[in-house]
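The questions below go through one structure, part by part. Each answer ends on the value or name asked for.

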Amino acid sequence: MTSLVEKLDDEEVQEILSTGTDLREYSQQIEKEFNEVENRSINDYIKESQNIASLHTQIGACDDILERMENMLTNFQHVLSNISTEITSLQKKSVSMSVQLTNRQSVRAQLSQFIEDMAVPEEMITAIMETSVVEKDFLGHLNNLNHKLSLVKELSFKESTSVNDVREVLENLKIKAMSKIRTYLLEQIYKFRKPMTNYQVPQNAMLKNKFFFEFILSNERQVAQEICSEYVDTMGKIYFSYFKSYSSRLAALQYEEAASKDDLMGVDDAVSKSLFAKTTSLKNKSTVFTIGNRGDVLNQQLEAPILVPHAQSKNKYSYEALFRSEQYALVDNACREYLFITEFFMVRGAQAQELFNQIMGRTLSLLIKNVETYIQDCFDCIAMFLCIHLILRYQLMCHKRCVPALDKYWDSLQAVIWPRLEIIFRNNIQSVRDCDPTKFTKEMGPHYITRRYAEFSAAIVGISEHFPNELVSRLLLELQNEVECFILRMAAIFPARKEQLIYLINNYDLVLGILMERTRDNSKEAEAFREQLTARSGEYVEEILAPHFGGIIQFVKECEQMLEKEQTEEFRRQERRSLALVANFTANWKTALEEINKEVLLSFPSLITGQTLLQLALTSLLQYYHRFHKLLTPNARTQLVNIHVIKMFIKKYSGSFSL
């Protein structure tokens, strides 16, 4: 049914149906046409029969050719398959051969190196047996011999039979080399024993051939110990002899007169037999309380060349200068020695320290004993304190040179000096405490104890700036307190308060001036005396103004207090009093200023101090005068001297003033 519908949908069928043609007739017509076409096709086929036969023959021939090609390709594929298998096999063989070649080359290299290491060349034998140890060729073959000996020693533990072939030859060469090296090193050590020898020359020669000792140490420790012991014994005696002689010669350069137990801060000059005694010349002696140029040992002289006694026989030096020279000589020699033994004998840490102590031990003990001998009778605090700071600086210098070997020595020296320094320091404090002010004359200038304290305190503070010490700070504070108490006790012997203030200002000003000149402005000592000086100066200004202008000053204070308490009526009743004060001031102010100027300049030996106090007094006067002017009635103001007139007048005494 579906097929019929599809046929009906065909355009040609629809056309036939639309024209009304008979389908049977149309079918017969179509069949007839098919037969005609078939007949024509048969005729065409018959006409082309020969060609078709020929084509058939050709197709058959092609099939044969293709079959033969197929067989050839099949055979070729089989051959290619065999070739691929062979290539894979060859690759495996190549890899295997490459591995074998690498292994053989590795073995060959190791065997070649082993044979080279084990073989003893004729050149080596000749060089070791006949060449001098100082020649470069000998050192090269010695390195090679050392390598062979190490290898033989290692192989001996593995029971290698090849070792037996060269053991005897190498042992003989080792014995010969060690004999020559031992002789050479001992000769270098014996050179140190010659007088006036420069130790650096043989030491540098030994360092240049430091492998000699390494060779002996690795092959025969007994011989190495012998060489080391000979060096230690030789250098120990040399250093001890040198420093013993040098110390004794330096001692001859010290000032013949030294500080004694009487050279204390509180001992009176008139009865003292110290370095400050009037009958003793200070030209050839160091001072006890003044540092002067002695502090140079910590600065420009710290690394200066050491003193040569025979060249300085006519000169005399303080103890700290001799101490510096001796300790710097020790630092120079000890650092060089420590660096030498660590490099040549190949020791570090505790071993290096022990070896250094064996060489320098007696010398260090001698130097410590010499310091002990001097310190036990030393009364010079500055000298001892300079020595302590020399120790600190030289210890730091040793550390910068990577030489810690002298640390215990430096500690021992400080342990000797510090107790004695503290004792003498406290003796000075006690001497000030025991001073009786009544035995001194009534002089308002700076006291000699004040001057001594100022110089001494400035010296100690200046020295200790880089290495502060708690004990020193505490001792300085105790001394400062005692000196302040002494100054107050001395001031108390003057009956008038103004004289007491003059005495206090002169002494405080002296101390402050010296401290500021020699130390930092912000030191604790300077600050304490600055406060005292400021307070006493203000009080002194009030004292010198009071006789001449006391009425005005009192009036200003009382009236300002009245106004503050709002006592207006009481304030108004002060007009008559103010007029009297104005009249008195107008009549006497110029004379009063001249008397104040004369009094101030005569009371203070220091012109700067006098000028400062005068300016302070005049400034205070102007301030009171200005306040007085504001408290006056208009009537009284007209009678008062103009403040600008006063300013112009006092300019001749000091600089310009401002309220």
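Q: At what angle do H18 and helix H21 (residues 607-631) pack?
A: This is a predicted model, in which local features need pLDDT of at least 70, side-chain atom pairs count only at pLDDT 80 or more, and totals for chains, interfaces and linings use all residues. Residues are numbered from 1 along each chain as its sequence is written, and side-chain values use heavy atoms, with hydrogens and water left out. Helices here are DSSP runs of H or I with at least four residues, numbered from the N terminus; axes are lines fitted to C-alpha atoms over the stretch in contact, and angles run from 0 to 180 degrees between N-to-C directions. The axes of H18 and H21 are 10 Å apart, and the angle is about 15°.

Q: Is H18 roughly parallel or roughly antiparallel to H21?
A: Angles under 35 degrees count as roughly parallel and those over 145 as roughly antiparallel. The packing angle of H18 and H21 is about 15°, so H18 is to H21 roughly parallel.

Q: Is the crossing of H18 and H21 left-handed or right-handed?
A: A crossing is left-handed if the near helix is turned anticlockwise from the far one by less than a right angle, and right-handed if clockwise. For H18 and H21 the crossing is left-handed.

Q: How many salt bridges does the count come to?
A: A salt bridge is a side-chain nitrogen of Lys or Arg within 4 Å of a carboxyl oxygen of Asp or Glu. By this rule, the count is 20.

Q: Why does the pair of Arg-294 and Asp-380 tie together parts that are apart in sequence, and by how many residues?
A: The side chains of Arg-294 and Asp-380 meet in a salt bridge, 2.8 Å from N to O. Arg-294 lies in the loop between helix H10 (221-251) and helix H11 (319-344), and Asp-380 in the loop between helix H12 (349-375) and helix H13 (381-400), so the parts tied together are apart in sequence by 86 residues.

Q: Is Arg-294 buried or exposed?
A: Buried means under 20% relative accessible area, exposed over 50%, and partly exposed in between, with a 1.4 Å probe and protein chains only. Asp-380 has 6% relative accessibility and counts as buried. Arg-294 has 9%, so this residue also counts as buried.

Q: Which residue is linked with Arg-294 and Asp-380 in a network of salt bridges?
A: The salt bridge of Arg-294 and Asp-380 belongs to a network.

Q: Which residue forms a salt bridge with Arg-497?
A: The closest N and O atoms of this pair are 2.8 Å apart. Arg-497 is in helix H17 (residues 497-518), and its partner is in helix H18 (residues 524-564), 42 residues apart.

Q: How many of the 16 residues of H15 are buried?
A: Helix H15 (residues 448-463) should span 22 Å, and its end C-alpha atoms are 22 Å apart, which agrees. The expected span is 1.5 Å times one less than the number of residues. H15 is mostly covered, the number of buried residues being 14.

Q: What is the phi of Glu-566 near?
A: Most residues other than glycine have a negative phi. Glu-566 is in the loop between H18 and helix H19 (568-572) and counts as exposed at 69% relative accessibility. Its phi is positive, near 60°.

How values were computed
Helix = DSSP H or I, 4+ residues; strand = E, 2+ residues; numbered from the N terminus. Parallel < 35°, antiparallel > 145°, perpendicular 65-115°, else oblique.
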